[in-house]
Amino acid sequence: MAVVLIGTLDTKGPEYAWLSGRLAALGCEVIVVDTGVGAPEGIAAVVGNAAVAAAAGAEVGELRRAGDRGAAVTAMGEGAAVVLAALHAEGRVDAVLAVGGSGGSSIAARAVRDLPIGLPKVIVSTMASGDVSPYVGAKDVTLMYSVVDIAGVNRLSRAILGNAAAAAAGMARAYAEREALPAGGGATLTEGAVREDERPLVAASMFGVTTPAVDAARARLGELGYEVLVFHATGSGGRALEGLAAGGMLAGVLDLTTTELADELVGGVLTAGPERLTAAGRHGVPQVVAPGALDMVNFGPRETVPERFGQRVLYVHNPTVTLMRTTTEEMAELGREIAAKLAAATGPAVLFIPEGGVSALDAPGLPFYDQKADEAAFEAMAAFPDTVRLALHINDPEFGRAMADRLHQLIKGDQ
């Protein structure tokens, strides 16, 4: 089992030498990748900094002479990502471990960003007690707070770095054993009993206010022989779904909850970015889509809602979450966006419209019930030709099951 150590050996060489020794003692092959631009200290790299810089189209001497730390961090992060991809393609990566401050953490985060989900990625960082979204993104990065600065191996850092080495070694062993399992025997959906790890994967998007719909769809997809991965539509969840769709692991996508598009349009806190609802289409993955929770934009506590929205329809979901109803104009724009993104898909796509409401708050007598706003979205969505309108609320079990059945047909090729 191989653990790749990624770090700036010009500033953290002794720490990496200590980590390398611990990993070797734990039975790991250690591959050290130097992402510093200065001369390494205390340990020799398997992949030197010149090779890392060259992988990014840069020259390490020029980076050093320029004295631009930001440019150096960017280049070495890009180069390390290329190096890691090559090592992974050769089957030489069972885990990645890095330690550092803001610069080293940034390099490591970029380096592991393109590695597949499930391959262990551990970063010990001085930044891990704050906002870690820049380092984790939408990947399964394990962050450990260093407590003290990464500046020498002392009584406290020895315990923390030792835990990190043990964690990386244990993860690497589990990953190597998992990867060594024999491949499935070619079972298909119609062959009866199928091992759990052989079932085709489907990703589904869910929010608290669309949970009944996704539960019904998930149960039906399970009956049809799929394993369903549910992503919470909180921005990071949507980005993770997009990344998985782009990674070739999915048989299909049941994108029932597209609420993150509303946050991106209006300025809420749970946006998944402008590329949401594009990866499946771009990579030809079959998808069925619905405007789940498109009636709401997410903010934090009530006092954090921007003043410009003071006259809007607000609903305090809990002490830390305030929801704002989207307007007729915003719903129309969201409908146009969804139709356009699905029209650009290279694979099969179907849009389901729940005429009875798009969330648990969007029904007669409930805070976000607004037929005019919903219809504005539905009319705009009709520009996409393969649209199914059902006289159901989104959380009616029949709606989720209908989406699941249609996705199954698309995956089988029944257009």
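A: What follows describes the sheet, then the helices packed on it, and then a pair of helices. The model is a predicted one. Its open sheet is formed by 5 strands in the order 2-1-3-4-5, and the pairing is parallel. Strand 2 (29-34) and strand 5 (141-145) stand at the edges with a single partner strand each, so one side of each has no neighbour in the sheet. On average, and with direction ignored, neighbouring strands of this sheet are turned by 20 degrees against each other. Strand 1, which covers residues 2-7, pairs with strand 2 in the parallel sense over 6 bridges, and Val-3 stands opposite Val-30 in strand 2.

Helix 5 lies across strand 1, strand 3 (95-100), strand 4 (121-125) and strand 5, and it runs at about 170 degrees to strand 4. Helix 7, made of residues 155-179, also packs on the sheet, where it touches strand 1, strand 3, strand 4 and strand 5, and its direction makes about 165 degrees with that of strand 3.

Helix 5 (residues 102-112) also packs with helix 4 (residues 69-89), at an angle of about 35 degrees and with their axes 7 Å apart, and the crossing of helix 4 and helix 5 is right-handed. Among the residues that make this contact are Val-73, Met-76 and Leu-84 of helix 4, together with Ser-106, Ile-107 and Arg-110 of helix 5. By class, the contact of helix 4 with helix 5 has 8 nonpolar, 4 polar and 3 charged residues.

Conventions
Residues numbered from 1 in each chain as written. Predicted model: local features only at pLDDT ≥ 70, side-chain atom pairs only at ≥ 80, totals over all residues. Heavy atoms only, no water. Axes fitted to C-alpha atoms, helices over the stretch in contact; angles between N-to-C directions. Helix = DSSP H or I, 4+ residues; strand = E, 2+ residues; numbered from the N terminus. Left-handed = near helix turned anticlockwise from the far one by under 90°. Contact = heavy atoms within 4.5 Å. Nonpolar A, V, L, I, M, F, W, Y, C, P; charged D, E, K, R; others polar. Pairing = 2+ DSSP bridges.
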